[in-house]
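Colleague: I'm new to this one and would like to learn how to read it. Could you walk me through a few features?

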Protein chains: 2
Amino acid sequence: MAEVMEALPEVVVVRNKQVLFKDYVNGYPKESDMVVTSNATIRLELPKNDGGLILSKNLYLSCDPYMRGRMKETFTGSYVPSFTPGSPLSGYGVAKVLDSTHPDFKKGDLISGPFTNWEEYSLITNAESLIKIQHTDVPLSYYTGIFGMPGMTAYVGFYEICSPKKGDIVFVSAASGAVGQLVGQFAKLHGCYVVGSAGSNEKVDLLKNKFGFDEAFNYKEEPDLNAALKRYCPDGIDIYFENVGGKMLDAVLLNMRVGGRIAVCGMISQYNIDQHEGIHNLVFLILKSIKMKGFLAPDYYHLYPKFLETVLPLIHEGKIKYVEDMVEGLENAPSALVGLFSGKNVGKQVVVVARQ
Amino acid sequence: MAEVMEALPEVVVVRNKQVLFKDYVNGYPKESDMVVTSNATIRLELPKNDGGLILSKNLYLSCDPYMRGRMKETFTGSYVPSFTPGSPLSGYGVAKVLDSTHPDFKKGDLISGPFTNWEEYSLITNAESLIKIQHTDVPLSYYTGIFGMPGMTAYVGFYEICSPKKGDIVFVSAASGAVGQLVGQFAKLHGCYVVGSAGSNEKVDLLKNKFGFDEAFNYKEEPDLNAALKRYCPDGIDIYFENVGGKMLDAVLLNMRVGGRIAVCGMISQYNIDQHEGIHNLVFLILKSIKMKGFLAPDYYHLYPKFLETVLPLIHEGKIKYVEDMVEGLENAPSALVGLFSGKNVGKQVVVVARQ
């Protein structure tokens with residue numbers, strides 16, 4: 001893949017294709033908010049006297065809804081920094097170490113981290129949040145999904161936030177997405193009754209026939225979400241795994257059971273509008289003694305080893321399935337990221353930069 | 001007080017003044033939604049062969065915001081029944097047993113219960129939820145307030161729902177009310193920094209000078225609640241004790257700290273409007289990992305003995321103060337109840353039917 005641009009005796013310099021962030025975004029992000037360029041070059045060898053650096057070849061990039069927040073200049077209440085106009089986007093990714101002067105990483109290591117730049121090669125100056133991939137008997141791209149932040153989000157959100165019990169009625173929105181598909185499968189394995197919503201009949205089919213949801217519906221075909229929920233969850237909802245916000249949340253609040261739990265994972269329907277839609281039914285938090293809890297998976301990374309121990313065998317035994325939507329090449333990364341917000345992706349959206 | 005209407009040899013029949021509920025209410029309740037009548041009479045002695053009955057003389061009646069829900073025909077998600085048009089209102093109250101054929105209660109007992117009718121005398125057919133008052137070295141009216149549902153609400157909401165830590169920044173809305181004044185004092189005793197909002201300068205003065213709040217403000221004089229909160233809680237809010245809902249909740253969400261807790265006790269600003277105001281800032285539940293939990297004190301009554309053990313000495317030692325707003329006579333009960341929704345009351349609103 002790497003095209004040799006110049007060959008000096010000592011070092012190899014190659015093209016480093018990048019996806020640059022153009023400027024802060026209002027409303028829905030567009031492909032034209034990013035630019036793919038091959039202007040940059042990079043040396044594929046580290047100077048030996050610079051300690052603590054890692055040179056990586058990036059393999060898989062993750063497209064996640066939270067990245068919309070990073071496109072704002074003032075991301076109020078931010079837990080990650082905004083993107084810098086003129087610099088590459090960054091996010092969760094999987095990479096291979098090409099060279100390292102960092103004592104904990106060596107050439108050939110496979111790594112995963114939350115700040116992988118959207119480019120072919122990266123010089124990593126801060127290894128603090130990098131994870132060395134130990135299990136390579138699963139697709140490497142899974143480390144952007146089921147074994148990455150979305151997987152931990154589903155695991156923590158369901159088991160730690162929702163306090164699930166056998167027989168609970170669980171409703172998941174954006175249910176075929178990177179997180180939702182796992183929540184539904186965890187809930188089924190836990191003995192719950194599981195209903196999901198998604199934005200196309202193809203996704204509904206996936207929920208029922210691939211992920212084993214008991215019921216699923218296409219919210220775009222439901223003019224009255226409250227009526228739809230009453231039809232699919234006639235006995236009410238014990239656990240709501242919230243990925244979308246807005247009208248769906250309002251309808252769910254009308255259908256929660258006493259003592260219900262709402263894990264607030266995301267509100268993708270709201271990320272591209274300046275004034276978020278008003279939620280009118282919060283009084284049901286009181287009437288039904290409901291707990292609503294927002295959370296961020298990174299706060300629970302101490303559970304990562306336990307999580308891997310639980311989920312790796314489930315994947316190997318085929319008890320959990322994971323669907324990815326792969327696009328090839330950095331050229332297609334902007335449309336993949338933008339597509340998240342119209343629900344274009346079916347399953348976890350991944351960009352393949354290189355396969356090894 | 002009791003006016004003898006007719007005197008047969010065997011029984012005494014007296015006037016029984018009542019406050020009757022006229023019909024279901026839309027919008028703000030008015031005094032004219034209730035009618036005070038002296039038409040009814042009652043025999044002040046129970047037939048000896050009817051087992052399990054209690055005849056009570058009602059002493060103190062409690063006016064509580066949740067009663068607004070009972071004025072609706074369809075109180076969706078109700079945990080207590082609607083009032084019956086043509087029958088007396090009912091609510092928390094303190095009464096004295098005049099006669100009893102119930103094995104657990106005898107003449108002279110002081111009782112407290114959630115379904116005390118708004119009338120001078122009541123025939124109680126279901127003693128299930130009655131509490132026999134044991135400690136009479138505090139004002140009896142306190143059993144509608146600090147030693148009743150509002151006290152338990154403050155105690156449970158603060159200690160069980162908010163997981164308070166010393167040094168936490170606590171914000172309480174409707175802070176001089178039956179519940180809020182206690183939450184603030186519990187929080188101060190726990191070593192928290194406490195800020196309250198209320199609807200008049202008189203109440204603000206009470207918060208700062210009687211209840212020992214660190215800061216307090218009159219929300220009616222603040223055109224920008226977000227700015228007010230930033231001024232009074234410049235470091236943000238760890239715990240919000242929610243009594244009002246609406247715009248205050250939206251402003252608080254902008255000011256919560258990471259890991260914050262919101263005890264959702266009431267939303268009095270919303271009870272008289274058909275379509276509740278929209279809450280726009282729930283995305284902060286995610287960004288700041290906030291827990292929001294609705295609760296109903298009756299679900300925690302197993303903690304009542306522990307609560308009494310904790311709070312009785314605090315009252316005796318003067319470490320907790322409790323302010324009541326007493327009106328005299330059933331004639332004034334409708335205006336007292338209606339006044340809750342315009343914030344007319346200063347402190348816990350009680351109606352005195354009889355002092356003993």
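Colleague: Before that, what should I know about the model and the numbering?

Modeller: This is a predicted model, where local features need pLDDT of at least 70 and side-chain atom pairs count only at pLDDT 80 or more, while totals for chains, interfaces and linings use all residues. Residues are numbered from 1 along each chain as its sequence is written, chains are lettered from A and ligands numbered from 1 in the order in which they are written, and side-chain values use heavy atoms, with hydrogens and water left out.

Colleague: Okay, how do I read strand pairing?

Modeller: The general idea is that strands of a sheet pair through backbone hydrogen bonds, either parallel or antiparallel. Helices (H or I, at least four residues) and strands (E, at least two) are DSSP runs numbered from the N terminus, and two strands pair if DSSP finds at least two bridges between them. Here, strand E7 (residues 90-100) of chain A pairs with E8(A) in the antiparallel sense, over six bridges. Look for Ser90(A), which sits opposite Asn117(A) in E8(A).

Colleague: Which other strand does E8(A) join through two bridges?

Modeller: That's strand E10 (residues 131-132) of chain A, also antiparallel to E8(A). In that pairing Ser112(A) stands opposite Ile131(A).

Colleague: Is strand E8 of chain A largely enclosed or open?

Modeller: Burial tells you: buried means under 20% relative accessible area, exposed over 50%, and partly exposed in between (1.4 Å probe, protein chains only). Six of the eight residues of E8(A), which spans residues 110-117, are buried, so the strand is largely enclosed by the rest of the structure.

Colleague: And what is the strand order in the open sheet of 12 strands?

Modeller: The order is E13(A)-E12(A)-E11(A)-E14(A)-E15(A)-E16(A)-E16(B)-E15(B)-E14(B)-E11(B)-E12(B)-E13(B), with mixed pairing. At the edges are strand E13 (215-218) of chain A and E13 of chain B, each pairing on one side only. On average, neighbouring strands are turned by 15° against each other, direction ignored. For a parallel example, take strand E14 (residues 237-242) and strand E15 (residues 256-264) of chain A, joined by five bridges. Phe241(A) stands opposite Ala263(A) there.

Colleague: Which helix of chain B lies across E12 and E13?

Modeller: H3(B) does, running at about 175° to E13(B). Axes are lines fitted to C-alpha atoms, for helices over the stretch in contact, and angles run from 0 to 180 degrees between N-to-C directions. Helix H4 (residues 225-232) of chain B packs on the sheet too, touching E11, E12, E13 and E14 of chain B, and its direction makes about 160° with that of E13(B). Contact here means heavy atoms within 4.5 Å.

Colleague: How do I read a nonpolar core?

Modeller: In soluble globular proteins, nonpolar side chains tend to be buried together. A nonpolar core is a set of buried Ala, Val, Leu, Ile, Met, Phe, Trp, Tyr and Cys residues joined through side-chain atoms within 4.5 Å. The largest one here has 231 residues, and those with the most contacts inside it are Phe147(A), Leu282(A), Phe147(B) and Leu282(B). Not counting residues up to four places away in sequence, Leu282(A) touches residues including Leu253(A), Leu249(B) and Leu282(B).

Colleague: How many salt bridges are there over all chains?

Modeller: Side chains of opposite charge can pair when their charged atoms come close. A salt bridge is a side-chain nitrogen of Lys or Arg within 4 Å of a carboxyl oxygen of Asp or Glu, and the whole structure has 28 of them. In one, Glu120(A) meets Arg15(A), the closest N and O atoms being 2.8 Å apart. That pair links distant parts of the chain, 105 residues apart, and both Glu120(A) and Arg15(A) are buried.

Colleague: What does Lys188(B) pair with?

Modeller: Asp214(B), at 2.9 Å from N to O. Lys188(B) lies in helix H2 (residues 180-189) of chain B and Asp214(B) in the loop between H3 and E13 of chain B, so the pair ties together parts that are 26 residues apart in sequence. Lys188(B) is partly exposed at 30% relative accessible area, and Asp214(B) is partly exposed at 27%.
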